[in-house]
Amino acid sequence: MPAERALPVESADAGNPSDTTRPVAPPPVASATTDPADGVNDGVPDLIPAPLTPEAERTETGARNVLLAFARAIELREWDQAWTMMSEADRQHWDKAEFAALFADLHDITVAVPTGTMEGAAGSSFYTAPVTITGADPDGRPIAYTGEIVLRRVNDIDGASPEQLHWHFESTTLDWTH
């Protein structure tokens, strides 16, 4: 039976309501730090989502633009860039080193972000998409992280900041299986 760990924990464990500890990723086999000379996590290429027209930014195209940039950052082993794209709450669950450690020892990383659903609510639009990150551990065993990513964009309302008018991460959940 595969081991499973939920990341991040948003509520107490159902089996023990007093347990509010956060499960952790599998321990990395090697250090999550990298040598910039190997091209891992060196900031190249810059994976900031490409600018879109205001019309495209308002739609699913804008949301997918952000998701695909995140997926590409993980596949290219640009952990810091992927981490920076996540919400402040997500970054509090995983600091940069913890986030990098989730994937650093994986080989052949693939990230799938199939089409999601878009909803509007009280001045904001939300886009929720499933995510599956797969790879192999150093022993060749398959690893998968599955969950969902929720993006948010404030609709065109007076007083909205430029950042709010672009799609950005609202939350990320990942479950680990070995």
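Me: Which residue's charged end sits over the ring of Trp 83?
Reply: The model is predicted; local features need pLDDT of at least 70, side-chain atom pairs count only at pLDDT 80 or more, and totals for chains, interfaces and linings use all residues. Numbering runs from 1 along each chain as its sequence is written, and side-chain values use heavy atoms, with hydrogens and water left out. A charge sits over a ring if NZ of Lys or CZ of Arg is within 6 Å of the ring centre and within 35 degrees of the ring normal. Here the distance to the ring centre of Trp 83 is 5.5 Å, and the residue is Arg 91.

Me: How many aromatic pairs does the structure hold?
Reply: Rings of Phe, Tyr and Trp (its six-membered ring) pair if their centres lie within 6.5 Å; planes under 30 degrees apart count as stacked, over 60 as edge-to-face and the rest as tilted. By that rule the number of aromatic pairs is six.

Me: What is the angle between the planes of Phe 70 and Phe 99?
Reply: The two rings form a tilted pair. Their centres are 6.5 Å apart, and the angle between the planes is 45°.

Me: How many residues apart in sequence are the parts that this pair ties together?
Reply: Helices (H or I, at least four residues) and strands (E, at least two) are DSSP runs, numbered from the N terminus. Phe 70 lies in helix 2 (residues 60-75) and Phe 99 in helix 5 (residues 96-103), so the parts tied together are apart in sequence by 29 residues.

Me: Is Phe 99 buried or exposed?
Reply: Buried means under 20% relative accessible area, exposed over 50%, partly exposed in between (1.4 Å probe, protein chains only). Phe 99 has 1% relative accessibility, so Phe 99 counts as buried.

Me: What is the centre to centre distance of Trp 94 and Phe 99?
Reply: Trp 94 is buried, at 2% relative accessible area. Trp 94 and Phe 99 form a tilted pair with 55° between the planes, and the centre to centre distance is 6.0 Å.

Me: Which side chain makes a polar contact with the side chain of Ser 125?
Reply: Ser 125 lies in strand 4 (residues 124-136) and is buried, with a relative accessible area of 9%. A polar contact is a pair of N or O atoms within 3.5 Å; within protein, one must be able to donate a hydrogen and the other to accept it, and residues adjacent in sequence count only if both atoms are side-chain atoms. At 2.8 Å, the partner is the side chain of Asn 155.

Me: What is the bridge partner of Gly 120 in strand 4?
Reply: Two strands pair if DSSP finds at least two bridges between them. Strand 3 (residues 117-121) and strand 4 are antiparallel over five bridges. The bridge partner of Gly 120 is Ser 125.

Me: Over how many bridges do strand 4 and strand 5 pair?
Reply: Strand 5 covers residues 142-154. Phe 126 stands opposite Arg 152 in strand 5. The sense is antiparallel, and the count of bridges is 13.

Me: Over which residues is the pLDDT below 50?
Reply: pLDDT is the predictor's confidence in each residue, from 0 to 100. The chain mean is 79, and 74% of its residues reach 70 or more. The stretch with pLDDT below 50 is residues 1-37.

Terms used:
Contact = heavy atoms within 4.5 Å.
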